[in-house]
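The following note is intended to be read alongside the sequence and the three-dimensional view. Each numbered point takes up one feature.

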Amino acid sequence: MANYVFVAQSLDGFIASKDGSTSWLNMPNPTKIDYGYSKFLNQIDAFIIGRLTFEKALKYKPYPYNKQVFVLSTTLKNIPINLQDSVEIINGDLKTILQNIQTKGYKNLYIDGAKTIQSFLKEDLIDEITINTLPIILGEGIKLFENINKTISLELNTQTTYENGIITSTYKTKKVES
């Protein structure tokens with residue numbers, strides 16, 4: 001089983017503005033480059049996202065997830081009827097959650113949402129992180145790597161620079177020996 005992150009951030013490390021907006025991601029992209037996202041999605045079996053990310057996704061038209069979604073939440077009680085076959089609410093210890101998901105046949109998971117990513121990083125449960133850094137400074141907002149409270153070693157796997165200034169970097173995490 002492998003856990004992946006694919007995320008965009010501002011040059012100063014924010015993944016959303018202070019109010020949670022990601023409208024700044026809609027910078028001009030005349031060539032409609034997807035920055036490796038389609039290739040990345042092809043290797044994913046399911047998503048693990050937090051409640052806030054799920055609630056935000058529900059507002060998008062069309063709904064952005066086309067595979068099984070597991071929503072980490074202790075407060076969410078209901079899933080919209082049209083998504084009940086593809087969305088499941090989960091909670092508990094992350095390692096136990098991953099074991100349960102693996103028994104359902106899911107092996108490659110996309111971990112999404114700031115708090116969810118941070119929780120997985122704290123438990124050394126992320127295998128690869130792809131970050132698209134946009135040439136914009138927000139000055140404030142929601143940080144990707146906030147409240148980790150530990151050092152995590154990464155190894156640069158690939159890096160691509162695009163003409164519009166976006167840099168896509170993929171890192172493998174170095175697992176801590178127990």
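**Notes on a pocket, a sheet and its helices**

1. The second largest pocket has a lining of 16 residues, and those nearest its centre are Gly36, Lys39, Thr130, Thr158 and Thr170. The model under discussion is a predicted one. The space within this pocket comes to about 320 Å³.

2. Which elements supply at least two residues each to the lining of the second largest pocket? They are strand E1 (2–10), helix H1 (37–42), strand E7 (128–134), strand E9 (154–161) and strand E10 (167–173). Sorted by class, the lining of this pocket consists of eight polar, five nonpolar and three charged residues.

3. Eight strands form an open sheet with mixed pairing, and their order is E5-E4-E3-E6-E1-E7-E10-E9. At the edges stand strand E5 (87–90) and E9, each of which pairs on one side only. From one strand to the next, the twist averages 20 degrees.

4. At one edge of the sheet, E5 runs parallel to strand E4 (residues 68–72), and four bridges join the two. Within this pairing, Val71 has Ile89 in E5 as its bridge partner.

5. Helix H3 (residues 94–103) lies across E1, strand E3 (46–50), E4, E5 and strand E6 (108–112), and runs at about 160 degrees to E4. Helix H4 (residues 114–122) also packs on the sheet, where it touches E1, E3, E4, E6 and E7. The direction of H4 makes about 120 degrees with that of E6.

6. At the other edge strand, E9, the pairing with E10 is antiparallel and comprises seven bridges. Leu154 stands opposite Thr173, which belongs to E10. The hairpin of E9 and E10 has five residues between its strands, and Gly165 in this hairpin takes a positive phi near 95 degrees.

7. A pair of aromatic rings is described by two quantities, the distance of the centres and the angle of the planes. The model contains 11 aromatic pairs. One of them is formed by Tyr37 and Tyr110, with 6.4 Å from centre to centre and 70 degrees between the planes. Why is this pair classed as edge-to-face? Its planes are 70 degrees apart, and an angle over 60 counts as edge-to-face because that is the cut-off applied. The pair links distant parts of the chain, as Tyr37 lies in helix H1 and Tyr110 in strand E6, 73 residues apart.

Methods:
Residues are numbered from 1 along each chain as its sequence is written. This is a predicted model: local features need pLDDT of at least 70, side-chain atom pairs count only at pLDDT 80 or more; totals for chains, interfaces and linings use all residues. Side-chain values use heavy atoms; hydrogens and water are left out. On a 1 Å grid over the protein atoms alone, a cavity is a set of points where a 1.4 Å probe fits but cannot get out, and a pocket is an open set with protein on both sides within 12 Å along at least five of seven lines; lining residues have an atom within 4 Å of a point. Grid points are joined across faces, edges and corners, and a volume is the space filled by probe spheres set on the points. Ala, Val, Leu, Ile, Met, Phe, Trp, Tyr, Cys and Pro count as nonpolar, Asp, Glu, Lys and Arg as charged, and the others, Gly among them, as polar. Two strands pair if DSSP finds at least two bridges between them. Axes are lines fitted to C-alpha atoms, for helices over the stretch in contact, and angles run from 0 to 180 degrees between N-to-C directions. Contact means heavy atoms within 4.5 Å. Rings of Phe, Tyr and Trp (its six-membered ring) pair if their centres lie within 6.5 Å; planes under 30 degrees apart count as stacked, over 60 as edge-to-face and the rest as tilted.
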